[in-house]
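Please look at the sequence and the structure shown below. The report that follows describes how some parts of the chain are arranged.

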Amino acid sequence: MSANETCCPYCFEKGKINPTINRVETGAFHSYSKEYVCFNCKNILDRDLVEKKNIPTFSIGMIGFAEQGKTRYLQSLLSFLGKQQRSNDEWEQFQVMHCNEEARNGIHEVNERENEWSKAPFTLSMFQIIDMPYIGNRFIKVYDPHDGDIFTQSLKIREQAYYLAHCDLILFIIDVAKIQREEKANENLRKLLDILQVEQVLPKDPKFTIVLINEDTDENIGDLWSDQESLQDPVLYSKLEEDSQVVKNWFMEQNNEYRGFANVLENQFSSNPISYTFLKNYKDAGILTPLLWALK
Ligand SMILES: Nc1nc2c(ncn2[C@@H]2O[C@H](COP(=O)(O)OP(=O)(O)O)[C@@H](O)[C@H]2O)c(=O)[nH]1
Ligand SMILES: [Mg+2]
Ligand SMILES: [Zn+2]
């Protein structure tokens, strides 16, 4: 892709996107607004995304069975970042800027714009983080599927999870308490690995983060954030890896099926180490761990 080309975050077509200049009438006055519209899917693209090529973009694709917390995780991440921006004691310069309606409203419903693309099987939430400790500036795109059942069926994965191929990080959300109550849980996990293999919907060498959620527990599995004085603790990164290993071991001890799943994921799908994180509630800083891990 050449420097003046853009990869549309909605339809993934690459090309040069020229601005449209619109005359805006306000009473007796008028002004001009500049807008970028994708030549293929006609979605309006955030101006910064097109113009500020020097800010790196990072894409996150959600995987997880229905009702496991994918959408809730994303909503919680956005509200956590919003809270960080409002608090004035930590992350002083930090800002989060929403680049589309979906990110702004935290809504994750079918896009209602009148175009072909509105039938897309996922919601894209785009935002820009500015002066985040450790990370700096980034555009973040998060792809969240509408239909939670896509990850149990070959055809659906092929037709609907194509966004995964364009992601830098695959975020696998597993609600541990919930999945254990499901009859077909182990079978579904195994099936998913098979489908991912056959359908080849993953990017070449993805980063994976497994987010294990259990709101019912009193246990602390991994304690990355519990003794964290501040989010700016300089030793945070050195603890990330350690913590991930603790969570991974715990996960693999739960049952043999999980052990097999973790091993296959590690051996077949990525040469990057797979990171694990444990979340007891959606409000604490643990929600950030996958971002810190992925963007370091
Ligand atoms: N999306 C969402 N789900 C919530 C929220 N609070 C509780 N939940 C529950 O969290 C569970 C996971 O929902 P969701 O994230 O939509 O699952 P998904 O199918 O993996 O996207 C469901 O049982 C929801 O009812 C919230 O604020 N947003
Ligand atoms: Mg959802
Ligand atoms: Zn497009």
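Helices α7 and α8 are oblique to each other, because their axes cross at roughly 130 degrees and angles under 35 degrees count as roughly parallel, over 145 as roughly antiparallel, 65 to 115 as roughly perpendicular and the rest as oblique. The axes, which are lines fitted to C-alpha atoms over the stretch in contact, with angles from 0 to 180 degrees between N-to-C directions, come within 5 Å. In the contact, where C-beta atoms placed from the backbone lie within 7 Å, K248, F251, M252 and Q254 of α7 meet Y258, R259 and A262 of α8.

This is a predicted model, in which local features need pLDDT of at least 70 and side-chain atom pairs count only at pLDDT 80 or more, while totals for chains, interfaces and linings use all residues. Residues are numbered from 1 along each chain as its sequence is written, and chains are lettered from A and ligands numbered from 1 in the order in which they are written.

An open sheet has the order β3-β4-β5 with antiparallel pairing, where two strands pair if DSSP finds at least two bridges between them. Strands (E, at least two residues) and helices (H or I, at least four) are DSSP runs, numbered from the N terminus.

| Strand | Residues |
|---|---|
| β3 | 19-26 |
| β4 | 29-37 |
| β5 | 44-45 |

Strands β3 and β5 are the edges, and V37 stands opposite I44 in β5.

The chain is divided into domain 1 (5-47) and domain 2 (55-295), with bounds from an automatic or database domain assignment, and their C-alpha centres lie 30 Å apart.

How values were computed:
Two residues are in contact if their C-beta atoms, placed from the backbone, lie within 7 Å.
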